[in-house]
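This report walks through some local features of one protein chain. Look at the sequence and the 3D structure first, then read on.

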Amino acid sequence: MAHGYFCISAVSSYVREGNFRGPEFKNLTLVPHEAETARRAFVECGLVERLVASSGELSHEQLCHHLDEWGDAYDADDPPETGSTVVLYVTGHGFVDETGVWRLVPPVVGRNSPRHWLKPEELLEPLLGRKDVKQVLLILDACFAQDGVTEAVAKSWKIAPSLGSTTDLWVIAAARREDEAQEMVFISAFVEALRTCAKREMGWRHIDPSIVTDMAAALLREQGAKQVPWVAAGYRAGGCEALPNPEWMPPDPPTWIEPRWSAQSRGVSTPTEPGYYFTGRGAVLRDLSDHLEGKGDGRPVLLAGDAGAGKTAVLARLLTTATADQRRALPLVARRGFLPDSDAGMIAVDLAGIDAQAALRELSRLSGFPVPDVPRDAGPLRLLLDNVDLSVDPTEMISMLVQPLATLSTVRLVVTSSPVFAPTLAEFRRVDLRESEADIEAFLRKRLHYGGVAATELGALVRYCAGNFSAAVNAVGTLLRESRAGGSLGDAQREAARTAHRHLDHLCRATMVRAGLTSRDAADLVASLSAACSYSPDGWLTTSLWATVARHVNGASHTEAEVEACGRAASAFLTSREAEGGGRSWRPRYEHEQLGSDPTPDEVVEYLLAELRDPESPSWTADVGALAILLGAAAHANGRFEALLDDAQLLLAAPVPLVNRALRAVRARVDGRRRIAAWVIPAAGSLPERAFLLGLRARRNGLAKLAESAARMAPPVMWAVRTPSQTTRMALAGGPADSTIVTAHDDGSVRWWDSSEGTESGSWAGTGVAVVDLAAAHTAEGLVTVAVTDDRRVRCWGPDTEDSPRLLSGATSTAVHASGLVALVDDRDVRLIDVVTDRPDRNFALAEPVDCAGIGGAPASPLLWLVDRGGRVWQSDPMADRQPAVRSLGLPPLLMAVSPDSGTSLVVDVHSGLTWIAQASATVQMKVTGIDVAALTDRLLVVGGGGGGIEGWFAFVEPAEGGPRTRWPLDGPPVGLALAGNSVVVATAAGLAAINFPAETEAGGS
């Protein structure tokens, strides 16, 4: 391989002397920046600066002088063994003299005639005379440089035969003959094009200057620059090797690196795999290099790091870059990051799997000395001992080899080990090799870039590898192999993930073995944790549970202290957090990959169920991590533990966000969307309240088993149905056997429902006009239903249920009684109609408009209640021909409810005042905020509303207690309430539900 050199001349300051009559040459303040920009680019290409000024930059004449000296030093009888290439970058003012010859302007103008100023071919002539200079690239960054390029090529062509030159020549002009070159314009575009071309054409070992110049010209056109670069070639077109490609990756593996260290030093999986991808870890390399070169306090160094952190790779990099010859043998792409600047040959031995005697023999063979008896005059012996913790007997290895070598002043020693053995080497200076996600990301980005895989896969790969270099090397190798094999990128990525997880699992087990476990115990301990947590990313095991599950797996008894010690030793592969109630909880940093006879995740979940579920109690542990595992298993597509989805105790024991994440996995199930809809449970509230709402939503979504499970902790929801359209009103007609529910809806329809099962028994499509009031009662002749629409039309069904509705006189509200009486209210006027018998209608009027009306009492003794707008409560016996009497005074009413079987009524006013008026007892008043609906019997009072931090609620009220008891949450604000036997019937916009409250009803209300 030819040596690559570059030289720079740059003139920025100009002084005028003598009688020069030509133009004024201004100082070029940016020329030093041009030179530095070019210098950085050439160094990136691996070129070495051949001639360097003692200060500042060389002038053109100084450069020519040094090139002459170099040319004169060439001995044709004793030429250099290796050829070379040279890049010349020349920047400053250009000038065409009176004879038409293009020349470089010197820093002192007028001292010499312009005819004596330097011509470009004068820089080329000494190089053409050296047979070892194979190629020259001259870059003229000056005004009107095209003329200089043309002349340089032409003159060189003429003189080359006389010099016997076969040197290939390329000359680039920064501007055409009519262009004035602007400072930093060309070189900035040229360097940008050079770097772009290098990255775009990684398969090129060298970069073609013609292509770079064309790309630079395109960039200048985009920028609107008024100069166009131009290139000319002499002797051979194409094949320029003066600009090595810094991004070129050799297609073959190196043969000069010992196989044991080859793969690790290059960041690949095997010695036969090509490529150089070692990345990062510069601070550690510098530290160790300084120590090996004799700097620092001389104490031996322990490079400590977890398995797979890259300890061997660091030693391999040190070993393969120790000398200048080794560094020159590396391709440019491998010369990035830290490189030593001296020659410090080293000896490295891998102690893994060998005993102390074998290590001594190998060191003696490599050094030529009877180690550890190294002669004092042997000079510095730099030793790298890898994997002391993986030797056959680490304790013996340390006592027989490592510690004796550490006492020798002529030995500079670096030893690698996991942190487990760090206390044994306390006298060593410890350097921790910490996992760096940034270094791993840079490494993976480089591998993907050269593998032709989009960096969109980078984030996933970084996650798979969990901060472990060894896993990253293996995973990206798998991804690239699978991609090249023709599979889909998705399949390749999944296989890469499996590779990373298997590798991390192996390293985790190996680390626990180093911590003192047997291979079997380590495997079972890791497998039990990994399998348990595989069902959920939120899954964790406490130390106690982990030990218990591991005992289930293989019968071995591990104390919590032993398990925690192993977990801490393997902390590079496991993550931990403080558990609720103290101690630690654990989970792997990687996904589960079952190996050999490992327990399956299902087996481990069975063990957890045996530990966490008490057959004598429905309660679950409060261990959030364990609950996450069970929730993940319940929601898993394999359906093995789907019965847990109907375990309300489990769902309610776990935090709401945990259940939300777990239930995302059930979307694909037939009942998936219904299960997700059922689980809209607030985190706030008591366990019975939350259980009740879960049971209600479960019934509403057809999940009977879940509803039954919730009923163990809360009042049971007997049934819950969705209505075809939004419900706006509800009335209940109590019967001798079953009750009938009647509902009105936002589309103007009316529907009838069986209260025992919630099944629809009939419907009326409506006229499209909203129903504003609704009432119903079971009479001796059958069901009577009355609906008032917003256009004041009143329709009555029954008592014959087969009849179509008949129109009654217009009204704004209504009430119906089991006797057959129907009250129609129209402003101040009240009309009583008997729809069962032929009893004549009765009419009367109040002084103020009537806002609420109701008829209660037994069928034989109805009692009419009215509330006017002023808040007066009126009572009347419809069977007697008497005017209503005022029973109570209050505020304007919001709503009224009457007992269907007694003389009791309830009025709620606009200021949340609640007035309970009983036939045979004193009136009771209290204040309950937020009431929208109410229902009562002679024994019970239930109210409901919305707000208060929940969507809707209802509660039993005991007047003697002055307010409601438990506010049971609903899945929407209630639009109707009714009492039927031991059940409360609730209507919300979404539908109907019936809840059994035997304790409440038998106690007489709460």
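## A histidine in a loop

His-116 sits in the loop between β7 (108-109) and α3 (120-128). Helices (H or I, at least four residues) and strands (E, at least two) are DSSP runs, numbered from the N terminus. His-116 counts as exposed, because its relative accessibility is 64%. The cut-offs are under 20% relative accessible area for buried, over 50% for exposed, and partly exposed in between, with a 1.4 Å probe and protein chains only. From C-alpha to C-alpha, His-116 and Arg-103 are 8.8 Å apart in space, and 13 residues apart in sequence.

## About the model

The model is predicted: local features need pLDDT of at least 70, side-chain atom pairs count only at pLDDT 80 or more, and totals for chains, interfaces and linings use all residues. Residues are numbered from 1 along each chain as its sequence is written, and side-chain values use heavy atoms, with hydrogens and water left out.

## Salt bridges

Side chains of opposite charge can pair when their charged atoms come close. A salt bridge is a side-chain nitrogen of Lys or Arg within 4 Å of a carboxyl oxygen of Asp or Glu. By this rule the model has 54 salt bridges. One of them joins Arg-177 and Asp-147, with the closest N and O atoms 2.9 Å apart. Arg-177 is in the loop between β9 (168-173) and α5 (185-200) and Asp-147 is in helix α4 (residues 145-163), so this pair ties together parts 30 residues apart in sequence. Arg-177 is partly exposed, at 43% relative accessibility, whereas Asp-147 is buried, at 14%.

Arg-447 forms a salt bridge with Glu-273, and their closest N and O atoms are 3.2 Å apart. Because Arg-447 lies in helix α13 (residues 437-451) and Glu-273 in the loop between α7 and α8, the pair ties together parts that are 174 residues apart in sequence. Both Arg-447 and Glu-273 are buried. A salt bridge also joins Arg-700 and Asp-971, where the closest N and O atoms are 3.0 Å apart. This pair links distant parts of the chain, 271 residues apart: Arg-700 is in helix α25 (residues 687-700), and Asp-971 is in the loop between β44 (968-970) and β45 (974-980). Arg-700 and Asp-971 are both buried. Elsewhere, a network of salt bridges links Glu-642, Asp-646, Arg-669, Asp-671 and Arg-675.

## A buried glutamine

Gln-135 belongs to strand β8 (residues 133-141). Gln-135 counts as buried, because its relative accessibility is 3%. Its side chain makes a polar contact of 3.4 Å with the side chain of Asp-168. A polar contact is a pair of N or O atoms within 3.5 Å; within protein, one must be able to donate a hydrogen and the other to accept it, and residues adjacent in sequence count only if both atoms are side-chain atoms. A polar atom of the Gln-135 side chain also lies 3.0 Å from the backbone oxygen of Gly-239.

## Surface patches

Patches are made of residues with over 30% relative accessible area and no salt bridge; like charges are joined within 9 Å, and nonpolar side chains (Val, Leu, Ile, Met, Phe, Trp, Tyr) within 5 Å. Asp-68, Glu-69, Asp-72 and Glu-125 form a negative surface patch. Helix α2 (residues 60-72) gives the most to this patch, with three residues. Glu-69 is in helix α2, and is partly exposed, with a relative accessible area of 44%.

Leu-891, Leu-894 and Val-910 make a nonpolar surface patch of about 250 Å². Val-910 lies in the loop between β37 (905-909) and β38 (913-917). The relative accessible area of Val-910 is 45%, so Val-910 is partly exposed.

## Backbone details

Which bond from Val-371 is cis? The peptide bond from Val-371 to Pro-372 is cis, with omega near 10°. Pro-372 is in the loop between α11 (356-367) and β13 (381-386). The peptide bond from Gly-798 to Pro-799 is cis, with omega near 10°, and Pro-799 is in the loop between β26 (794-797) and β27 (806-808).

Arg-281 is not a glycine, but has a positive phi of about 55°. Arg-281 lies in the loop between α7 (259-266) and α8 (282-292) and is buried, at 9% relative accessibility. Asp-827, a residue other than glycine, has a positive phi near 60°. Asp-827 is in the loop between β29 (821-826) and β30 (829-834) and is partly exposed, with a relative accessible area of 41%.

Methods
Accessible areas come from the Shrake-Rupley method with a 1.4 Å probe; for residues, only the protein chains shown count as cover. Lys and Arg count as positive and Asp and Glu as negative; His and the chain ends are not counted. The place of a charge is taken as NZ of Lys, CZ of Arg, CG of Asp or CD of Glu.
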